[in-house]
Amino acid sequence: MNKIPITEIGPSEVIQLFFPVSNFHAIVVVDNTALGPSIGGVRVSPDVTVEEVKRLARTMTMKNSVAGLPHGGGKAGIIADPRDPKKEHYFRIFSQAIKDLQEYIPGPDMGSNEECMAWIYDEIGRATALPEEIGGLPLDKLGATGFGLAECAEIACPYAKIELKGAKVAIQGFGSVGKAAVKFLSEKGAIVVAASDTRGSICNPDGLDIKELMAVKEEKGSVIHYKTGTVKKCEELFLTPCDILIPAATADVISKDNVDGVKAKLILQGANIPATLDAEEIMHKKGILSIPDFIANAGGVIMAAMEYAKKSEKEAFDAISERIKKNTKLILEKTFNEKTLPRQAAEAIAKERVLKAMAYKRVS
Ligand code: NAD
């Protein structure tokens, strides 16, 4: 586990919310607010930890900074099963508990969606990625993050010596991000050869039919029911022979324990912190290009910030395309020119803006 120590950036607040009577336990971390009130998702998972939320909040500080947004980084975790029938109740308790924490603006994350954001908005009038009926830009429904990943791929492929048209893609996690990434990448000519969810992986080196895969997931609950493919274990997804690998589920899924089996030439980090730092170093030495989470998956938060600033859907998509393409190119140029890791290149750029903004703040 990569621990986030207290640094010159943050975290500024680490809050545990625990209401034993309601069996409710949540964590909120505000990492840094020098650029503005923090925006970050609410993860709902039975095993989300304080350390994980701290790392995710730091990722949001970096992501919002590089994306040029007037927002700092924060994150929350509700420790519960996302299918718990008391989910709405938990979200309403959560909302009231963070009502006065103005420096944190919630958004969706794994286990939460636009409906959950509508519950928060109903309680406290402060949330992003709202349903369109109440004036929002529903970023998961619109596929903002998946769209951004496909835009990122367009720039990154030549650096990894891949042709995007015809590139073979394997994707871990077939939720909001995974499905949208698959849709937008296949529109650019990529071929999806493997996909997974919590029940297992489905693989076919000749390509999976995207429409059918989505229908199977919708109707039967898992990609493993797709007919013309080989069903494998979840973790075998990472061993798939492919050009582009997209982790789009949980944290630390590429680690020193499985990195040697990774065959892709390009990793697009759809999930937040999907690879450990040592795994990123090993991949870099092996010539596998890994685009860090806060560059590749910034589409969602860019759309969230655009919604918060009352911009249109078109303005949001244009901003995602322009900013992700520009940043991918920027960090890859720095990576190759300075012979550094993509994450180091990206962090240097993100940190500079945060530290400059912090320098304008009153000291005491
Ligand atoms: P989601 O809940 O919609 O989907 C997650 C998917 O991952 C589900 O299909 C689930 O079955 C699958 N999954 C979970 N554990 C798995 C495992 N061990 N193996 C295989 N599949 C597994 O979540 P989402 O919104 O798509 O988010 C996915 C990741 O992307 C998270 O790390 C999130 O922080 C990150 N992210 C999301 C957004 C966004 O716009 N939603 C933006 C940036 C980053």
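In the predicted model, a polar side-chain atom of Asn272 lies 2.9 Å from an oxygen atom of the ligand, a polar contact being a pair of N or O atoms within 3.5 Å. The ligand taken alone exposes 830 Å², of which the protein buries 84%; accessible areas come from the Shrake-Rupley method with a 1.4 Å probe. A polar side-chain atom of Thr145 lies 2.6 Å from a ligand oxygen atom, and a polar backbone atom of Phe174 is 3.4 Å from an oxygen atom of the ligand. Residues are numbered from 1 along each chain as its sequence is written. Local features need pLDDT of at least 70, side-chain atom pairs count only at pLDDT 80 or more, totals for chains, interfaces and linings use all residues, and side-chain values use heavy atoms, with hydrogens and water left out.

The ligand is surrounded by 25 residues, the closest being Arg43, Asp109, Thr145, Val177 and Ala249; a residue is near the ligand if one of its heavy atoms lies within 4 Å of it. By class, this shell has 12 polar, 7 nonpolar and 6 charged residues, with Gly counted as polar and Tyr, Cys and Pro among the nonpolar residues. At least two shell residues each come from helix 4 (139-142), helix 6 (176-187) and strand 7 (191-197). Helices (H or I, at least four residues) and strands (E, at least two) are DSSP runs numbered from the N terminus.

Helix 6 also packs in relation to helix 7 (residues 210-220): their axes come within 11 Å and cross at roughly 165°, with axes fitted to C-alpha atoms and angles running from 0 to 180 degrees between N-to-C directions. Helix 6 and helix 7 are therefore roughly antiparallel, the term for angles over 145 degrees.

Technical notes. A polar contact is a pair of N or O atoms within 3.5 Å; within protein, one must be able to donate a hydrogen and the other to accept it, and residues adjacent in sequence count only if both atoms are side-chain atoms. Angles under 35 degrees count as roughly parallel, over 145 as roughly antiparallel, 65 to 115 as roughly perpendicular and the rest as oblique.
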